[in-house]
Amino acid sequence: MSCMGCCDDGDSGGRPADARPYVPNQTAGNAGGYHANAAPKEPPVLKIQPIAVPAIPVDELRDITDNFGNNALIGEGSYGRVYHGILRNGQAAALKKLDSSKQSDQELLAQVSMVSRLKSEHVVELVGYCIDGNLRVLAYEYASNGSLHDVLHGR
């Protein structure tokens, strides 16, 4: 009896007696090499620098914007609506309520960390932030002249 039907009973070589040496098929597109299955890449670990502004409690934000009501609404940007409020420390703030995104909390915190340390007379400063579940709010110093868009377009 032969194994798999390719051997003679007396052949112990594992291939037919008239077979030529094995040559890999090189038409597969990788010159006969092995296929390496790359392991799925894990997201890089973000090293977050300290955040230079305070976290603002969600209750404070809801109080000073009348629960993000229309009376406090001052504009709408590409990332969400902007509300005006006076923080409990007395500072006027433009509160940008970010639309829900697929960005992880860690990615957002890394960006908040970078922006919180940005200081320039030509840029409004970040004065606080809130990340609470799906609620994400960035609090900037209030610019009474309106948004950059308004200033550039004469509104």
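**The aromatic pair around Phe-68**

This structure holds one aromatic pair. By pair I mean Phe, Tyr or Trp rings (the six-membered ring for Trp) with centres within 6.5 Å; planes under 30 degrees apart are stacked, over 60 edge-to-face, the rest tilted. Here the partners are Phe-68 and Tyr-83: centres 5.3 Å apart, planes at 70 degrees, so edge-to-face.

Quick ground rules. The model is predicted, so local features need pLDDT of at least 70 and side-chain atom pairs count only at pLDDT 80 or more, while totals for chains, interfaces and linings use all residues. Residues are numbered from 1 along each chain as its sequence is written, and side-chain values use heavy atoms, without hydrogens and water.

Where do Phe-68 and Tyr-83 sit? Phe-68 is in the loop between helix H1 (58-64) and strand E1 (73-76). Tyr-83 is in strand E2, residues 80-86. Helices (H or I, at least four residues) and strands (E, at least two) are DSSP runs, numbered from the N terminus.

Buried or exposed? Phe-68 and Tyr-83 in turn. Phe-68 has 9% relative accessibility and counts as buried. Tyr-83 is at 4%, also buried. Cut-offs: buried is under 20% relative accessible area, exposed over 50%, partly exposed in between, with a 1.4 Å probe and protein chains only.

Next, the charge. Lys-97 lies over the face of Phe-68, 4.7 Å from the ring centre. The test: NZ of Lys or CZ of Arg within 6 Å of the ring centre and within 35 degrees of the ring normal.

Last, the backbone. Phe-68 has a positive phi, near 55 degrees, and is not a glycine. Asn-67 is not a glycine either, and its phi is positive at about 55 degrees. Asn-67 lies in the loop between H1 and E1. At 47% relative accessible area, Asn-67 is partly exposed.
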